[in-house]
Amino acid sequence: MEKADTPLRSVLHTIQQACKRARRDPGDVTLVAVSKKHPASAIEPLLLEGQRHFGENRVQEAQEKWPALREAHPGVQLHLVGQLQSNKAEDAAALFDFIHSLDRTSLVTALAKAFDKTGRQVPCFVQVDVGDEPQKGGCPVSELPSLLEQARDADIPLAGLMCLPPADIEPAPFFAFLDKLARDHGLEGRSMGMSGDYPTAIMLGATHIRVGTALFGQRSG
Ligand SMILES: *Cc1c(COP(=O)(O)O)cnc(C)c1O
């Protein structure tokens, strides 16, 4: 009998199968392992297995965990997947390699300033509020064109669009909608899909899936 699969191998296998069905190249889908609320001891095994893209949702937690992990494991790419306060923009620019939560004009201004100051140009996904849930963050769909224009004017590197569809209802229409918005605006990246729905997101064009629970188990608190 084969050795039991690790959670990472199982998720990678599911990604491969979804790509096969969608006739997509698995190399075009980046698995972002969302390690928020998990300690370094839970992250190390994935690093040892070769996983390099990780996501965190709080700047301070990431500042506490990642400098040491990064030193021990070269090549880590860190993604900010949670809401970002403007006063943390500089810290975020210094630490993260991708930001998935650009969602308002004030943050465009703060990030442009932070990129100037840190000398880093961090690619950003514009988060879109596809389900009319302002509490989750995300730019209202009607304001997306002007926000993209502001970001382009401020020389923010745009990686694509991101969404966090409403919980407990079929996500496919929201993924399809984000895919269409990205196409309409000439953006390549689609950050969509989590533990419960990433195969569907891949079928509908996800380039970055953000998976926590399926890799790390339940989060406490
Ligand atoms: C926590 C989180 C995830 C991962 O969710 P799981 O259901 O644990 O896979 C993905 N995206 C964002 C924005 C998150 O905050």
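The following conversation goes through several local features of a predicted model.

Colleague: Which residues are around the ligand, and which residue has a side-chain N or O atom 2.5 Å from an oxygen atom of the ligand?
Modeller: The residues around the ligand are Val34, Lys36, Val81, Met162, Leu164, Met194, Ser195, Arg210, Val211, Gly212, Thr213 and Arg219. Among them, Arg210 places a polar side-chain atom 2.9 Å from a nitrogen atom of the ligand, while a polar side-chain atom of Arg219 lies 2.8 Å from an oxygen atom of the ligand. The residue whose side chain has an N or O atom 2.5 Å from a ligand oxygen is Ser195.

Colleague: Is Gly193 buried or exposed?
Modeller: Gly193 lies in the loop between β8 and α8, and, leaving aside neighbours within four places in sequence, Gly193 is in contact with Phe175, Tyr198, Ala201, Ile209 and Arg210. Its relative accessible area is 1%, and because buried means under 20%, Gly193 counts as buried.

Colleague: How far apart are the C-alpha atoms of Gly193 and Phe216?
Modeller: Gly193 belongs to the loop between β8 and α8. Along the chain, Gly193 and Phe216 are 23 residues apart, and the separation of their C-alpha atoms is 16 Å.

Colleague: What span should helix α7 have, and how far apart are its end C-alpha atoms?
Modeller: Helix α7 covers residues 172–184, which makes 13 residues. At 1.5 Å a residue, counted over one less than the number of residues, the helix should span 18 Å, which agrees with the distance between its end C-alpha atoms, 18 Å.

Colleague: Which residues of α7 are buried, and which elements do they pack against?
Modeller: The buried residues of α7 are Ala172, Phe174, Phe175, Leu178, Asp179, Leu181 and Ala182. In an α-helix there are 3.6 residues a turn, so residues three or four places apart point the same way. The elements that the buried residues of α7 pack against are β5 (124–129), α6 (144–153), β7 (158–162), β8 (189–191) and α8 (198–203).

Colleague: Which residue just after α7 takes a positive phi?
Modeller: Helix α7 runs over residues 172–184. Just after this helix, a phi of about 65 degrees is taken by Gly186.

Colleague: How many aromatic pairs does the structure hold, and why does the pair of Phe54 and Trp66 count as tilted?
Modeller: The structure holds one aromatic pair. The ring centres of Phe54 and Trp66 are 4.9 Å apart and their planes stand at 45 degrees, so the pair is tilted. Phe54 lies in strand β2 (residues 53–56) and Trp66 in helix α3 (residues 59–72), so the pair ties together parts that are twelve residues apart in sequence. The number of pairs is therefore one, and the angle that makes the pair tilted is 45 degrees.

Definitions and conventions:
Residues are numbered from 1 along each chain as its sequence is written. This is a predicted model: local features need pLDDT of at least 70, side-chain atom pairs count only at pLDDT 80 or more; totals for chains, interfaces and linings use all residues. Side-chain values use heavy atoms; hydrogens and water are left out. Helices (H or I, at least four residues) and strands (E, at least two) are DSSP runs, numbered from the N terminus. Buried means under 20% relative accessible area, exposed over 50%, partly exposed in between (1.4 Å probe, protein chains only). Contact means heavy atoms within 4.5 Å. Rings of Phe, Tyr and Trp (its six-membered ring) pair if their centres lie within 6.5 Å; planes under 30 degrees apart count as stacked, over 60 as edge-to-face and the rest as tilted. A residue is near a molecule or strand if one of its heavy atoms lies within 4 Å of it. A polar contact is a pair of N or O atoms within 3.5 Å; within protein, one must be able to donate a hydrogen and the other to accept it, and residues adjacent in sequence count only if both atoms are side-chain atoms.
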